[in-house]
Every structure is written in structure tokens, then in C-alpha cells.
Amino acid sequence: MSAMLRFGPAGMPLNCKGKRLADGILYAFNEGLGAFEVEFVRGVRIRKEDAIEAGKTAKEKNVLLSCHGPYWVNCCSPLKEKQQTTMRNIMQTARAAELLGAKIIVFHPGYYQKQSKEAAFENALNLLKEIEKKMKDENLSCFLGLETSGKKAGFGTLDEIIGLCKKIKKARPVIDFAHLHAITNGGIRTKGDYEEIISRIKKELGPEYLKEMHCHFTEIVYSDRGERYHIPIGHSNSPPFRPLAEILAEKKYKFTIISESPLLDMDALKMQGIVQKLK
Ligand SMILES: [Zn+2]
């Protein structure tokens, strides 16, 4: 699949009548979108034949697929039982991704709970390395997309995500701009704020990590503990999409931007339109 700037919804497009995943992908394509994130946030439930059919549709229409794994995984947990559930859920997501032809699976790495940040990092590193090895044994080729956390209690500051990516070959940072905005009490306002995030990834991990970077975007309402809920693009400009659009148009980054706004595909189209007008 050719590298290009792509926008897509996190899950089924709002007005899609069809129930099957392939219907949703086709619907997004017909709207003019080039990406689609398959949501397994409440569990990896898809029939093998449906996954294969969806993957075929996506390939035919040049729609880039990604998968979002279950919310309850916690790579940071010191408990054997939780580690096993986490491993099982991430492996299930990776197997579904393989059938779909998705190149990255996204998940929130975990929570600190009562541990130090260092202990949470070590646990996540060990478990993710084990998962990486298991995936290799099963010939599963997708990347492990580690999403930046939107809650202060959640593991996954930009530094922590970069730190894990340095040590795990198959790990890739997934930049959720709304989450970064929420945990920095509204720290993303200007083009410079976006540029700083992007240049940190380039400097710490290397320019190849920017090539096809996977991102989430929505506007967000937050409190001093972080994320509260997502709101549509243009509602409060928190964070503002426009400065990022300017960077995307100028630098011609081939990012994938998944819309996690309540308006999903509609806001993916809205964002895509804003960038196109700037080109
Ligand atoms: Zn996200």
C-alpha cells in the first residue's frame, strides 16, 4: 500500500447501514477516506471469514487498516494473571490484524497503579518483549502501536512511549494528540507545540519513525486528572486541528490520522478537507 496522508474513522462510519466490517470499509472508501481503525476495544470478536472479506475489500480499495485492542490490557501489572490476560488479548488482536492485513495494532499500554513509574516501565518492557517474541514465533508481522495516555494515572507519557520504542523493535509510537493535550493541561495550542512532539520522535527514534506515523485526533474535554470525553472537531479547538493541518500540508508527512471524535468519519472528512485546502 502506498504511503500517503490518510484519514479514517475509529470504527464503523456513523451512517453506514451495513453491519459487516467490509460494509464499513467500503462506506469509508466511498466517502473519500483512506484509513479505517477496526475497534476491538471491548474484545476481539470477529469471524475468520468476515476478517478475510474485510481485508480483501480494504486491499482492493486501498484503505489502510489498523486495529485497536481491548481497553482492559495492562502491560504494567506486576500480577501474573493480569499479564497473561494482557498477553492473550494482544495476541488475539495481532492474529485478527494478520487476517485483516492490518499493519499496526494500537493499545494503551497500562496503568501505574501503586507502582513507581520505573517499575511500571520495567513490567511493560518485559511483557511487550515476550509478546514480540510470541508474535515472531507465530509469524505475525504487525507493529505494536503504543498509544500515549490521556489520563495521568495511565502509563504512557510521550517519553515513556519513546523509551519503550527504543527497546522494542516492533513497537511504534501512536500519538494521540488529544491525550497529550489533556495530560499537559491543554499544552497543545500552536504549530510549535505540534512541531515539538514530532521533532522529539524524529530526534529520539529516527526519521523513519515519522514515515508512516499512526495518530489519533479528536477534540477533548479534560480535568486535572486528564481525559474526560471527546468532542467534535471545531467545537472548542482543544486541541486545535488547524496548526497540525498546516504542518501536514507543508511537510507532506504521510501520517495516518484516525478520527476518535464522536463524529468519527464525518470529522475524518472534515480534517482531510482542511488539509487539502492548504495544499
Ligand atoms: Zn486514541
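User: Which residues coordinate the zinc ion?

Analyst: In this predicted model, the zinc ion is held by Glu147 through OE, Asp176 through OD, His216 through ND1 and Glu260 through OE. The distances are 2.0 to 2.3 Å.

User: What is the arrangement of the 4 donor atoms around the zinc ion?

Analyst: Irregular, because the angles they subtend run from 88 to 161°. To count as tetrahedral, four donors would need all angles between 85 and 135 degrees.

User: How are the donor residues spaced in sequence?

Analyst: The pattern reads E-x28-D-x39-H-x43-E. Glu147 sits in strand S6 (residues 143–147) and His216 in strand S9 (residues 214–217), so this pair ties together parts that are 69 residues apart in sequence.

User: Are Glu147 and His216 buried or exposed?

Analyst: Both Glu147 and His216 are buried.

User: OK, on to the strands. Which strand does S9 pair with, and do the two run parallel or antiparallel?

Analyst: S9 is joined to S12 by 4 bridges, and the two run parallel. One of the pairings is Phe217 with Ser259 in S12.

User: What about S1, how many bridges join it to S12?

Analyst: Strand S1 (residues 6–9) is joined to S12 by 4 bridges, again in a parallel arrangement. Here Arg6 has Thr256 of S12 as its bridge partner.

User: And the faces of S12 themselves, covered or open?

Analyst: Both faces of S12 (residues 256–259) are covered. Thr256 and Ile258 are buried on one side, and Ile257 and Ser259 are buried on the other.

User: Zooming out, how many helices and strands does the protein chain have?

Analyst: There are 9 helices and 12 strands. The radius of gyration is 18 Å, close to the 19 Å that the globule rule gives for 279 residues, so the chain is as compact as a globular protein of that length. Along its principal axes, the C-alpha trace spans about 50 × 45 × 35 Å.

User: What share of the residues count as buried?

Analyst: Of the 279 residues, 54% count as buried. As for the surface, the protein chain exposes about 12,900 Å², with carbon and sulfur atoms supplying 51% of it.

User: Last one: among contacts between residues at least 6 apart in sequence, what share join residues at least 24 apart?

Analyst: That share is 78% in this protein chain.

Definitions and conventions
Residues are numbered from 1 along each chain as its sequence is written. This is a predicted model: local features need pLDDT of at least 70, side-chain atom pairs count only at pLDDT 80 or more; totals for chains, interfaces and linings use all residues. Side-chain values use heavy atoms; hydrogens and water are left out. Donors are N, O and S atoms within 2.8 Å of the metal (3.2 Å for Na, K and Ca); water is not among the atoms, so sites may look incomplete. Four donors count as tetrahedral if all angles lie between 85 and 135 degrees; four count as square planar and six as octahedral if opposite donors are over 155 degrees apart and all others between 65 and 115; anything else is irregular. Buried means under 20% relative accessible area, exposed over 50%, partly exposed in between (1.4 Å probe, protein chains only). The radius of gyration is taken over C-alpha atoms; the globule rule is 2.2 Å times the number of residues to the power 0.38. Contact means heavy atoms within 4.5 Å. Accessible areas come from the Shrake-Rupley method with a 1.4 Å probe; for residues, only the protein chains shown count as cover. Two strands pair if DSSP finds at least two bridges between them.
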